[in-house]
Amino acid sequence: MTIGIDKIGFYTPNQYVDLVELALKRRIDPAKFTIGIGQDKMAVAPLSQDVVSMGANAAAKILTPEDKAAIDLVILGTESGVDNSKAGALIIHRLLKLPNTARVLEIKEACYGATAGLQYAKLHLLQNPKAKALVIGSDIARYGLETSGEVTQGAGAVALLLSAEPHILALDLPSSYYSEDIDDFWRPLDQLTAEVDGKYSTTAYIEFFEKVFKDYQAKTGLTLEDYAAITYHLPYTKMGLKALKQVLPMASDEKQTELQQHYQQETLYSRQVGNIYTGSLYLALLSLLNNDRVLKPGMRIGLYSYGSGAVAEFFSGKLQPNYTKYLDPIYYLELFEKRQKLTIADYEAQFKAQLEPIAPGQVLENQDPSAQFYFAGVVDKKRQYKEIK
Ligand code: CAA
């Protein structure tokens, strides 16, 4: 029996900032953002989209009535949850009308939460092979206006439907993980913007990658030659490349070229969206699967997850026969094309508004025609969500 990813859904709000325009406004050479950091656009969530509505939107895209009936586990991995106590997954579970005979929870560990959810779901499905599990990574990445992290913000959600005998990626059973208490990125309880030791976070990301990659090699005997591609958590697209380059010398020249070519395909969506923290690795996977014409069923993909603070994990999976039938690349081309560009002034105004609490009684309208669910405001201190029928 195999366990793995049966379907992948993605949602990002319909507005973005052009990073060349942002660079010019900040009096920075645009090439620093587009080449040095490797980002072109950055998704911006309107007030009416939060991690709950974005997560529900990502999942609604992929779930059939049969999938819904089989789901008995729902996990939301998020850094930017909307309540200090209640799991946002419970609201998503209600919005999607999923069975009450499900276990529903939220996991926090910076950008690692969705991977923790995926690994938990894998073990759960090994014991309950007839069930399906929904794992969502949903986040709004906020560092602050005019900070060095500003160019690495973003917003979006990825939903993974996991099952036995999956249609897209069957996960290999082993996994290698490494954890250490470090202060590279964190967000105090009273802050909506992250604190970060930027340079330290990039070296930690690479050091942790080398540790888990080597451990995985020792555990499984798999070498770089065994992977068609390695997908990375992408806080920005240059980051994964720096990690990949650390291990490339272990491969033949031909393999090195191949891995770098596949890497370009996995970065295409992230370049348009920015960092979505927990969903970022799985957005890279979706980008690779939707855009790479060289991949074939049976090929092995490596996955590197990194959550600051910090926990890292390396694992792998094999592409399944006919996996392309379960993807929808045209939908995502259109999703990106339909987005609206914000002026820098509009982006700054929206950013400032997001740092203020929603006024009691303030009613929010949906602003995104591609959204099925949106956040409608707060009544009696309870968050309200609405579905567009
Ligand atoms: N043309 C081309 N390239 C240029 C350039 C120009 N005119 N000017 C600068 N560059 C290059 C630099 O040489 C540098 O390249 P290398 O990294 O290859 O040396 C790159 O652009 C970035 O330049 P700086 O290092 O000077 O940039 P910075 O000081 O403004 O900080 C950053 C960059 C540390 C990534 C910052 O944006 C940041 O703190 N971001 C948030 C933290 C983050 O994303 N960390 C990643 C690892 S942690 C993680 O993965 C978890 C998570 O999601 C948060």
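In the predicted model described here, the side chains of Ser316 and Asp172 are joined by a polar contact of 2.5 Å, a polar contact being a pair of N or O atoms within 3.5 Å, of which, within protein, one must be able to donate a hydrogen and the other to accept it, with residues adjacent in sequence counted only if both atoms are side-chain atoms. The side chain of Ser316 also makes a polar contact of 2.6 Å with the side chain of Tyr216. Because the model is predicted, local features need pLDDT of at least 70 and side-chain atom pairs count only at pLDDT 80 or more, whereas totals for chains, interfaces and linings use all residues. Residues are numbered from 1 along each chain as its sequence is written, and side-chain values use heavy atoms, with hydrogens and water left out.

Ser316 is placed in strand β14 (residues 311-319), where strands (E, at least two residues) and helices (H or I, at least four) are DSSP runs numbered from the N terminus. With a relative accessible area of 0%, Ser316 is buried; buried denotes under 20% relative accessible area, exposed over 50% and partly exposed the range in between, for a 1.4 Å probe and protein chains only. When residues up to four places away in sequence are not counted, the residues touched by Ser316 (heavy atoms within 4.5 Å) include Ala170, Leu222, Tyr227, Arg300 and Leu303.

The ligand is surrounded by 25 residues, the closest being Lys32, Ser148, Lys199, His233 and Lys242, where a surrounding residue has a heavy atom within 4 Å of the molecule. A polar backbone atom of Ser148 lies 2.7 Å from an oxygen atom of the ligand, while a nitrogen atom of the ligand is 2.8 Å from a polar side-chain atom of Asp29. For Ser201, an N or O atom in the side chain is 2.8 Å from a nitrogen atom of the ligand. Two or more residues of the shell around the ligand are given by each of the elements α2 (30-37), α7 (198-220) and α8 (237-247).

Asp183 touches Asp197 and Tyr200, not counting residues up to four places away in sequence. Between Asp183 and Met250 there are 67 residues of separation in sequence and a C-alpha to C-alpha distance of 31 Å in space.
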